[in-house]
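This note comments on the charged side chains and how they pair. Please read each point with the structure in view.

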Amino acid sequence: LMEALVSGALVISDPMVSMPEGLREDESIVVYRSMAELAAKIKHYLSNHEERLKIARAGYEVATNFHRSWHMMERIAATALA
């Protein structure tokens, strides 16, 4: 997921039990709940270039600001020291 976001792609995903920190549906990632909804969203974003790029950029920002390897190390260290 993070590799796709960092690549600058618009990520369309099935629902997750827990959305990774910072990701927001329809703001930084697109979520579908059925195959029909997936097809409709693909068609929508293929014809809405600016909206697609805006969400992809937001996903990139979340991935680079919250999900790099050192972010995980900082969270582990903070938990261990608490």
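1. The side chains of Lys41 and Asp26 form a salt bridge, with an N to O distance of 3.9 Å. Lys41 belongs to helix 2 (residues 35-46), whereas Asp26 sits in the loop between strand 1 (12-13) and strand 2 (30-31), so this pair ties together parts that are 15 residues apart in sequence. The model is a predicted one, and the distance should be read with that in mind.

2. Lys41 is buried, its relative accessible area being 15%, and a residue counts as buried because its value falls under 20%. Asp26, with a relative accessible area of 38%, is partly exposed.

3. Lys41 also has a partner within its own helix. The side chains of Glu37 and Lys41 meet in a salt bridge at 3.4 Å, N to O. Both residues lie in helix 2, and because they are four residues apart, about one helical turn separates them. Glu37 has a relative accessibility of 25% and therefore counts as partly exposed.

4. Which residues are linked in a network of salt bridges? They are Asp26, Glu37 and Lys41. Lys41 takes part in the bridge with Asp26 and in the bridge with Glu37. As background for the student, side chains of opposite charge can pair when their charged atoms come close.

5. The surroundings of Lys41 deserve a separate remark. Its side chain reaches the backbone oxygen of Val31 at 2.7 Å. When neighbours within four places in sequence are left aside, Lys41 is in contact with Asp26, Val30 and Val31.

6. Is Arg33 buried or exposed? Arg33 is exposed, with a relative accessible area of 51%; the reason is that exposed means over 50%. Glu25 is partly exposed, at a relative accessible area of 32%.

7. How many salt bridges does the count give? The count comes to three.

Technical notes. Residues numbered from 1 in each chain as written. Predicted model: local features only at pLDDT ≥ 70, side-chain atom pairs only at ≥ 80, totals over all residues. Heavy atoms only, no water. Salt bridge = Lys/Arg side-chain N within 4 Å of Asp/Glu carboxyl O. Buried < 20%, exposed > 50% of the residue type's maximum accessible area, 1.4 Å probe, protein only. Helix = DSSP H or I, 4+ residues; strand = E, 2+ residues; numbered from the N terminus. Polar contact = N/O pair within 3.5 Å; in protein donor to acceptor, adjacent residues only side chain to side chain. Contact = heavy atoms within 4.5 Å.
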